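Here is a short briefing to read alongside the coordinates. Let's walk through a few contacts together.

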4 protein chains.
Amino acid sequence: MLNQPSSPATPVPHVLLVECPDRRGLVHEITGVLLRHHCNVTSNHEFVDVEGNRFFMRTEFTGEVDAASVVNETKQLLPEGGNARLAQHGKRRVVLLASREHHCLADLLVRHAFDELNAELLAVISNHDTLRPFVEKFGIPFHHVSHEGKSREDHEAAVMALLDTLNPEWLVLAKYMRVLSTRFVTAYARRMVNIHHSFLPAFVGAKPYQQAFERGVKVIGATAHFVTEQLDEGPIILQQVIPVDHTHSAADMAQAGRDVEQIVLSRALKLVFEDRVFLSGNRTIIFD
Amino acid sequence: MLNQPSSPATPVPHVLLVECPDRRGLVHEITGVLLRHHCNVTSNHEFVDVEGNRFFMRTEFTGEVDAASVVNETKQLLPEGGNARLAQHGKRRVVLLASREHHCLADLLVRHAFDELNAELLAVISNHDTLRPFVEKFGIPFHHVSHEGKSREDHEAAVMALLDTLNPEWLVLAKYMRVLSTRFVTAYARRMVNIHHSFLPAFVGAKPYQQAFERGVKVIGATAHFVTEQLDEGPIILQQVIPVDHTHSAADMAQAGRDVEQIVLSRALKLVFEDRVFLSGNRTIIFD
Amino acid sequence: MLNQPSSPATPVPHVLLVECPDRRGLVHEITGVLLRHHCNVTSNHEFVDVEGNRFFMRTEFTGEVDAASVVNETKQLLPEGGNARLAQHGKRRVVLLASREHHCLADLLVRHAFDELNAELLAVISNHDTLRPFVEKFGIPFHHVSHEGKSREDHEAAVMALLDTLNPEWLVLAKYMRVLSTRFVTAYARRMVNIHHSFLPAFVGAKPYQQAFERGVKVIGATAHFVTEQLDEGPIILQQVIPVDHTHSAADMAQAGRDVEQIVLSRALKLVFEDRVFLSGNRTIIFD
Amino acid sequence: MLNQPSSPATPVPHVLLVECPDRRGLVHEITGVLLRHHCNVTSNHEFVDVEGNRFFMRTEFTGEVDAASVVNETKQLLPEGGNARLAQHGKRRVVLLASREHHCLADLLVRHAFDELNAELLAVISNHDTLRPFVEKFGIPFHHVSHEGKSREDHEAAVMALLDTLNPEWLVLAKYMRVLSTRFVTAYARRMVNIHHSFLPAFVGAKPYQQAFERGVKVIGATAHFVTEQLDEGPIILQQVIPVDHTHSAADMAQAGRDVEQIVLSRALKLVFEDRVFLSGNRTIIFD
């Protein structure tokens, strides 16, 4: 990793993450715990999802603090079904899954190289060998697990076996063009982020950009989302669009799609790896 | 209409509109016609839809010109299946269809009052009487054609009878919340513009903003499109989005939707009423 | 005012607004007050401006509550130099100042007519009589205070005398094209919102759109800001841009400017009139 | 360079670039030349800068054509002061100048690696050695020309001597943080592209993001422009903004600035290196 030191004097803050059924007094009581421990709160967000009656809180604090006790005392005052934890210090352990397209992958490799992602990239796994030379420039292990001549089941088993040895906290589908089985998705549900081309209106099926071109869409979008058992229906982290017009061919629209996918995935991962994203049912609460 | 005179000295240009199957030499030959007639070209756009092999051209010109001859000579050199015409001078004759929501309607009434639309609003027709006082402020006739106690067929027949007397060139569905029959749509196909809430991804069925909220979308969009026999599948004129986040309730998202609908519909109509929009299959070619 | 009733059953919440020098424990103590009074908090935002060491809080709550006591008890626990207050119920009393351009004014009149602004428009004052018929359609008093044949001082004195009789809480400069004296600005500092065309880079002096055209800018923006003694240097509430290109004439850029000004001013006022905007030095804190 | 072959069958089109004082009949006559030579026009743009009375045309054509004759015949029919040329085949020869910031540089290196830029990167020259390991990963020569202990004049002379040996067509200032002398600028005027942080309103002087923070701006922008003798006043190629709010520190705003700079510079260079950008006085005409 290239050295791009952040300002060395800043103490790394603790990040307290709380979610629970909402009830009156939670903020008062949790801030009471923080006060008693002389925490120096540097950033604080709460949100109540009124429909789901669920409370979310993310608090950064510094100081010579017994953080474990802060968490324990917070836990004790939460209603049943709630949880409190400290975000781990150190980087998230991440594996990227890719196929042949480089755009999202390259952006993540660069950001990782300059330490902008709060992530340690353990490896790239791909069902094609195309991107190996590029990935290896960055000193990241590249694993080619070909799907050719293998059943879907066997190929996925090979990928999962490799993942078992790597033991990542997060999987990122950086244009991984394989349909995942329920078994795979379940194993990594809510720990897997996907980037999805998505249009206004959304086009399903093959050749989405050809469809978009034929309908003459005027914006091209991308959606970063958690993968859940419902695949593309998982909670949305980030969406963005860029404008196109009739002078754009289907190929131009695909290029626009790649550009916006790259931006959206990188920003979404930054949010996730800094523990700024909570799940509330099928929605995300984002403390940006 | 309030007087907001445009600079009076500018001569109103002729607008020549051409579309035909593409073949080599069209631009050369059409510009030849314009030259021979000493037209002073002040704006010119061409575009070839390569997939559809179709040529489009929009040329503004001024001068003491026999415009009818320009058109006739142009027509004669076009391949079979082509057409040339002059955009009519004067404003487009337009009827607005609305229901109870005011946002799109109000924006159009204001722009019309200050002569920004190149349109004469002949009337507003609504299946509710709610917006009458607002519309009548602007001196525009308001026709309440209630759907209550009527079959869909009878209600639509009443609207169509009224339209027959008004004889508009264009219909604008400014949040008209009635499903139109094939008969109605066919009568006004390609002469009717609709504004459609549309999301990334698109949500169908009732309560789209509730669905959008539940999925936690991060952008809210709107699409202005021509209505064809396929209803919401018609060629897209304009699309735009605005960002939302988890702090937006379903009601907030609906408000954001109204804001973007209003902007998109007004801009789309300005393009249409200035003859800047061509249809190419299910796409629009827009010479902005 | 046209009736567009909001859902009648929703109780109007109290809005507690707090700002003070930051110190440890504020959130805990203020939420303690709210708890003791059995307030039902429906929305809560805090923010610490670290550079200015200043704490801001906006809390909506409902319930059968002695709101005056909530405020008094909150005040007592704040550090010196702090303040707490309840946002007034009812609409903000607002006067609009305009000249000859209608776009911002018209949008505000429409939103007011449909009760979307949390404002009562007391009057429009203009140095031209041009917009009178449009304003009077909406039943809003229109005062023409001509500047012709008057010194700047005398004209301003006439406007201020009129304002004294109207006694507004807020002034909105909706494209009021007069330079204001320090005396005027001081009288309404921080209670006056202006909409400013502003570019990347900003162009000063006459004919800004001509300058923008000559530099070939690619975006046109607008800034809504509070007016302070530094005139155009006051705290920014909202900024937005729209793209333009070389096909846009200076007149087209001016039209784009009007469109974005209208959007930005309306959104900014909605934020201000709902007490969502705090001032922190020359910055705004916006609890959206 | 990594291989990412474009579809091999597509013939590389010729690109005819014309600019001249406007006069009647130009399009007709130039298309006449193209017709006589049996050129197959695949894309065509013209634009008349009415204020400057200047005509611009960019035409892509394929076919077994004597392209040199097309150019010569076109030249002969142009008014005095006009010019026609074929865009060169092959990539533009480019040198990047950088300092210590990696974001723009890295994005260009990645796009170059996947052959998305129509450019051959000859070298990176920097006044710091910081980015050497990153640049060399990509197999691009890195030249450290330190400014320490050197007069501005001597440092610039060293850079210019190096440039003489490299002989680039284009220089890109990818966050090169040195003020250039008139001598340097003159030598590369209109062949040098710079990326400039720029705000609404623009902040001059040191620490622009600190200034932006203190004013509480709500959008952060970037401008890619040609460098002329007027340095930051050169013709604008592309501008874009991203939204920020009060929760963004000056450091966060700087990060937002880096993100938008990277996007804007890459897109601007793509346009320039595909000969889609004409200069008209201090404006750019962009045939996108």
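Over all chains, this predicted model holds 68 salt bridges, each being a side-chain nitrogen of Lys or Arg within 4 Å of a carboxyl oxygen of Asp or Glu. Local features need pLDDT of at least 70 and side-chain atom pairs count only at pLDDT 80 or more, while totals for chains, interfaces and linings use all residues; side-chain values use heavy atoms, without hydrogens and water. Residues are numbered from 1 along each chain as its sequence is written, with chains lettered from A in the order in which they are written.

**A salt bridge in chain A**
- Arg283(A) pairs with Asp49(A), with 3.2 Å between the closest N and O atoms.
- This pair links distant parts of the chain, 234 residues apart: Arg283(A) lies in strand E13 and Asp49(A) in strand E2 (strands are DSSP E runs of at least two residues, numbered from the N terminus).

**Chains C and D**
- Each of the two chains gives 33 residues to the contact (heavy atoms within 4.5 Å).
- Together they bury about 2,800 Å², 56% of it on carbon and sulfur atoms (accessible area lost on being put together, 1.4 Å probe, summed over both).
- Between chain D and chain C the salt bridge count is zero.

**Two helices in chain C**
- The axes of H1(C) (residues 26–36) and H2(C) (residues 67–77) come within 10 Å and cross at roughly 155° (lines fitted to C-alpha atoms over the stretch in contact, angles from 0 to 180 degrees between N-to-C directions; helices are DSSP H or I runs of at least four residues).
- The two helices are therefore roughly antiparallel (over 145 degrees).
- Residues in this contact include Ile30(C) and Val33(C) of H1(C) and Val70(C) of H2(C).

Key:
Angles under 35 degrees count as roughly parallel, over 145 as roughly antiparallel, 65 to 115 as roughly perpendicular and the rest as oblique. Buried area is the accessible area (1.4 Å probe) that two parts lose on being put together, summed over both.
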